[in-house]
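Hello,

As promised, I am handing over the structure we talked about. Please have a look at it first, and then read on for what was found.

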Amino acid sequence: DIESHVEKPTPGQELESKAKDLKKTKNVAEMVTLAKWGMDQGAKIQATKLLNDVLTLDKENEAAHLLMGHEKLGGKWLAGKAIEDFKAKEDGERRKAQGWIEIKGKWYDPYTAKCMKADLVDVKDWGWVTKDEAAKIEKGMLFVDGRWYEAKDKAQLDQDMRFEGKKWMSLSDLEALHKDPKTPWVMESRHFEITATNGIKAVRAILAQMESIWEPLKTFYGDAPVTAPGKKLKLIVGPNTEAYNALKGLHAKDDRATYFSNGHGVFYAADKSAAFTYYYSDMYIRQWCLHGTHDLFLGGIGQWEKLKSPMVEALGAYFEGFYGGSGDYQQDRWCAAGFIKKHTFEDPRKELTKFNITDQKKLEENLAALGFIVHYLVSRDAQTVQAWLPGFLRKGHGHVELMDAFEKKLGKPIA
């Protein structure tokens, strides 16, 4: 006997057969259910056709759109490349609002974009350097006390000898030479240049502290100044008032009648290209040099006018707490830690409002309070502070907007 054989319909054929009846009744819910079954069975072509029929009957049907891989963006259902284009545009607008810059279709943070435009090279463990510096690094040259040396010079360097002028000199002889304000140290680090009549240990310590807060500053502000040999942030410092005054005139814009002072021992050149301060002791690296570094950094990213804001004083004082070289903030590291331990802040908003930079008698106390308030707010919610910063830098938002943001998030007054 010949056994009869009836071929079973494919999932696609079965879906098409059932769909005919559903289309007549216009039962959208069951059409979607059938289409999902078809998708699960591999009948994508037939299922997609049925889903298009659903959208003809109900163009906003969420289940049908989701099954087809659509996304609702900007109040509209989008598909395929339209989704990619929308998200790319949205991402671009968000990055642009944060100060990012588009180069050849790709977005870069402000600092990276500026370095690329300046034709600098990103070298591992060094960061952005000039092509000449990159060649020296590739060659294996050594960067010691602000000067490049050949690898063969290491033996001399290990004996505390440095090449200056046209000859090798001992560090002790160089210290004697550079105590004279007519021939001070002029020493560079990666991002800074210091002119000083201090001893070599103090000069190194100041530069090290300045470099230690470069990354925290860059992370905090989302930007950084572009620096290269001859274009680094400049600090002019003396070991005491007499030495500081003797350094007058070494900077082209040294007109002390027009200096702007942040009231915290740091004065700035009229063209904002350098900071001038003192170094009496270790405390002054914390209190003045780091505060000055913060302000120079802010000026270097084109935000110098923000120095008029009490919030800059607050942030500068906060960055004094990065003393120590580890790149993280510790409340006990800075000079006002003793005051902080005895002080409470019932109303940070009021503390910021009453700040008066001209009140010299209470200046240290006010600056301590300001520094701690920012630390306190960062510790409460770093994201809120970070979200506020772009507005502070680009729209002139001050402490009022920052406090408002915290109170909105908490649902009550900040305390």
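**Pocket, core and rings**

Helix α18 gives the largest share of the lining of the largest pocket, namely six residues. Please keep in mind that this is a predicted model. The pocket itself has a volume of about 290 Å³. It is lined by 16 residues, and the closest to its centre are Gln98, Trp100, Tyr221, Gly222 and Gln386. Two or more lining residues come from each of α6 (110-117), α11 and α18 (382-395).

Trp100 also turns up in another setting: the charged end of Arg95 sits over its ring, 4.4 Å from the centre. Elsewhere, Lys18 lies over the face of Trp37, at 5.6 Å from the ring centre.

Which residues have the most contacts inside the largest nonpolar core? They are Phe220, Tyr221 and Leu377, in a core of 57 residues. Leaving aside residues up to four places away in sequence, Phe220 touches Leu315, Tyr318, Phe319, Val378, Val385, Gln386 and Leu389. There is also a second, separate core, which has 14 residues, including Leu15, Leu22, Val32 and Ala35.

The aromatic rings deserve a look of their own. The structure holds 11 aromatic pairs. In one of them, the ring centres of Trp126 and Trp148 are 5.5 Å apart and the planes are at 20 degrees, so this pair is stacked. Trp126 is in the loop between β5 (121-123) and β6 (127-129), while Trp148 belongs to strand β8 (residues 147-149), so the pair ties together parts that are 22 residues apart in sequence. Are these two buried or partly exposed? Trp126 is partly exposed, at a relative accessible area of 27%, whereas Trp148 counts as buried at 17% relative accessibility.

Phe220 and Phe319 make an edge-to-face pair, with 5.3 Å from centre to centre and 85 degrees between the planes. Because Phe220 lies in helix α11 (residues 214-221) and Phe319 in helix α14 (residues 310-319), this pair ties together parts that are 99 residues apart in sequence. Phe220 is buried, with a relative accessible area of 10%, and Phe319 counts as buried at 0% relative accessibility.

Both rings belong to a cluster linked by ring pairs, made up of Tyr111, Phe192, Trp214, Phe220, Tyr221, Phe297 and Phe319.

Enjoy exploring!

Definitions and conventions:
Residues are numbered from 1 along each chain as its sequence is written. This is a predicted model: local features need pLDDT of at least 70, side-chain atom pairs count only at pLDDT 80 or more; totals for chains, interfaces and linings use all residues. Side-chain values use heavy atoms; hydrogens and water are left out. A nonpolar core is a set of buried Ala, Val, Leu, Ile, Met, Phe, Trp, Tyr and Cys residues joined through side-chain atoms within 4.5 Å. Buried means under 20% relative accessible area, exposed over 50%, partly exposed in between (1.4 Å probe, protein chains only). Contact means heavy atoms within 4.5 Å. Rings of Phe, Tyr and Trp (its six-membered ring) pair if their centres lie within 6.5 Å; planes under 30 degrees apart count as stacked, over 60 as edge-to-face and the rest as tilted. Helices (H or I, at least four residues) and strands (E, at least two) are DSSP runs, numbered from the N terminus. A charge sits over a ring if NZ of Lys or CZ of Arg is within 6 Å of the ring centre and within 35 degrees of the ring normal. On a 1 Å grid over the protein atoms alone, a cavity is a set of points where a 1.4 Å probe fits but cannot get out, and a pocket is an open set with protein on both sides within 12 Å along at least five of seven lines; lining residues have an atom within 4 Å of a point. Grid points are joined across faces, edges and corners, and a volume is the space filled by probe spheres set on the points.
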